[in-house]
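Reader: Please take a close look at one part of this model, the ligand site. Then follow the aromatic rings from there.

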Amino acid sequence: MKRTLGVCYYPEHWPEEKWAEDADRMAALGLTWVRIGEFAWSRMEPEPGRYDWGWLDRAIATLGARGLKVVLGTPTATPPRWMLDRHPDMLAVDKDGRPRGFGSRRHYCFSHQGYRAECAKIVSALAERYGKNPHVAAWQTDNEYACHATTLSYSEAAKTAFQDWLAQKYQSPDALNRAWGNVFWSMEYRDFREVGLPNLTVTEPNPSHVMDFRRFSSDQVASFNRLQVEIIRKHSTAPVAHNFMGAITEFDHWKVGADLDIASWDSYPLGFLSDRIPADAEHRRRFVRQGDPDFQAFHHDLYRAVGRGRWWIMEQQPGPVNWAPFNPDPLPGMARLWAWEAFAHGAEAVCYFRWRQAPFAQEQMHAGLLRPDSAPAPAFGEAGQVARELAAMSEAGTGRAEVALVFDYASDWAWEIQPQGRSFSYFWLVFHFYKGLRKLGLNIDIIPPDTADLSAYRLVLAPGLFTLSDPLKAALAAFDGTAILGPRANSRTPDFAIPVPLPPALPGLDAVVARVESLPPDVPVALAQGGALVSWREKLEGSAGVVEAAEDGWPAMVAAGRLHYLAGWPDEAALTRILLRACAAEGIETEILPEGLRRRETATHRFLFNYNCVPAEWGGVTIPAAGVHWQPL
Ligand code: GAL
């Protein structure tokens, strides 16, 4: 596999006279890909039904003439103003019942049939015109589904579509009433048309109702995307991608990914550390110009799996962004390190966002490879360096992992709906486990919750899974490595009720969660061997062997053979001990890495990434701040 670099470009933002010079500079820099088009609907179709392809023909030809390959985006994330005149009710509606208006982007409801038809029309027109264009070598559908919290819509269109979805799922209102437990508080329905959306209720809505609404909303994204993919495939054999995001769980990415050829994601390490990663002040300070050392890798591993092996970075942060609470300048070297870390995790391409900083509109404070005056910004030189290094390194192969970590979108919805303690988050629980593994120098595969075969792995971790799928149950029963499940494993039915017999109900493991408690994070439950459970702890009954106990005498982790159940959220010290013990039992080699240093092995090389702002020592080598070191295996 050849690894390549690219950039996001908006020809419609610049005078046409500049395009040739831009394309020359992109090619000279060593770029392969240029992503264009994804927000240009008002230029592609200035009036309903009147298309203007001339400028796009010339832009693609200009890029293609320099050997650059185009990723062509469908423009459906930015419907033009005229669309609202045609479909005034197409806007998504927020939880408080307010429409999300025109004047930025993503102003549409996934359930609006009229808007879907308009999308089908523009995508057909685009795919017909460029499907056979030799320079259009990949496609991107829409842009960042779920960005700006746009998956859940409480519109009339969503209500009708939800009712239809429920009718399809339950067939009769009685079946729905039973599944949801609607006898509670006299919530029973006589007709599917009586079911509303789970907002604007007096107090919390029924969790089963919300769970189905989350599933429905996720399915709407998948079918919206599928509509576009099917149209593109009629006209083009080029691969179809979508650009996913970081720490976004509003829809099931496994399902959307199943319809794509390539999964890609948009990586903004400094924005994420400032904006969404829960971390203490010291961690934020330490990594303020480098980003969290594990957040990017987590998503690389996630999207490699979502793309069934094929994945890209569609947007890579090049400098300060505009949207986070604080927007620092990356340490010199980070635009290179981030790209190499993606390649070491198997990325086929890394595209920087964006070519030139736009001096107008919303993102004028967002850096590009070039400044607004076209002079190179610092990332320009770093991208060039990566391009030269890629040319010098003939290498392929993603590398193998002996450890797998299950990631399930529905579990994130479940524990968002019923956290039972303010600090319980499924996403950050899984990420905590991931971090623990990475600090031990391990390669990790992230796998879906319906994985049916675990035989490639020695250690499988599934924290927080609200329900166990039948395929995963069967795979666990056949698995001869170490498995660690819990906390909260299998603790709800798919309908969102507590199952009886009580959880975790794992075959062969005599353990029952008799009681759970959530605790403020500053009230840890100390463990006898050191470390603690924090925020969440379960009290177990049963005869299963105790591997870890709390100081108050309750079991904290039990096992039957190699199947383990963890009865709480372990702090870092407890987690490290648990992981080291499991790896030792399975003969998995570990290395406790120095702070801020991370490692990844491909099929041919060992890579080390120094996320520190000071040099790090490793194996007799000094790796500079923000440095990358690699050696053949
Ligand atoms: C992404 C988006 C881009 C741009 C970028 C700025 O979320 O896809 O269009 O807005 O953020 O960082």
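Author: Start with E144: an N or O atom of its side chain is 2.4 Å from an oxygen atom of the ligand. That is a polar contact, a pair of N or O atoms within 3.5 Å. This is a predicted model: local features need pLDDT of at least 70, side-chain atom pairs pLDDT 80 or more, while totals for chains, interfaces and linings use all residues. Residues are numbered from 1 along each chain as its sequence is written, and side-chain values use heavy atoms, without hydrogens or water.

For W323, the side-chain N or O atom is 2.8 Å from an oxygen of the ligand. The protein covers 96% of the 310 Å² of accessible area that the ligand has on its own (Shrake-Rupley method, 1.4 Å probe).

The residues around the ligand (a heavy atom within 4 Å) include F39, R105, N143, D266 and H366. By class, this shell has 4 nonpolar, 2 polar and 5 charged residues.

Now the rings. The structure holds 56 aromatic pairs. Rings of Phe, Tyr and Trp (its six-membered ring) pair if their centres lie within 6.5 Å; planes under 30 degrees apart are stacked, over 60 edge-to-face, the rest tilted. Y51 and W53 are stacked because their centres are 5.5 Å apart and their planes at 10°. Y51 is partly exposed, at 29% relative accessible area, whereas W53 is buried, at 10% (buried is under 20%, exposed over 50%, partly exposed in between; 1.4 Å probe, protein chains only). W323 returns here: with F272 it forms a tilted pair, 6.1 Å centre to centre and 55° between the planes.

How values were computed: A polar contact is a pair of N or O atoms within 3.5 Å; within protein, one must be able to donate a hydrogen and the other to accept it, and residues adjacent in sequence count only if both atoms are side-chain atoms. Ala, Val, Leu, Ile, Met, Phe, Trp, Tyr, Cys and Pro count as nonpolar, Asp, Glu, Lys and Arg as charged, and the others, Gly among them, as polar.
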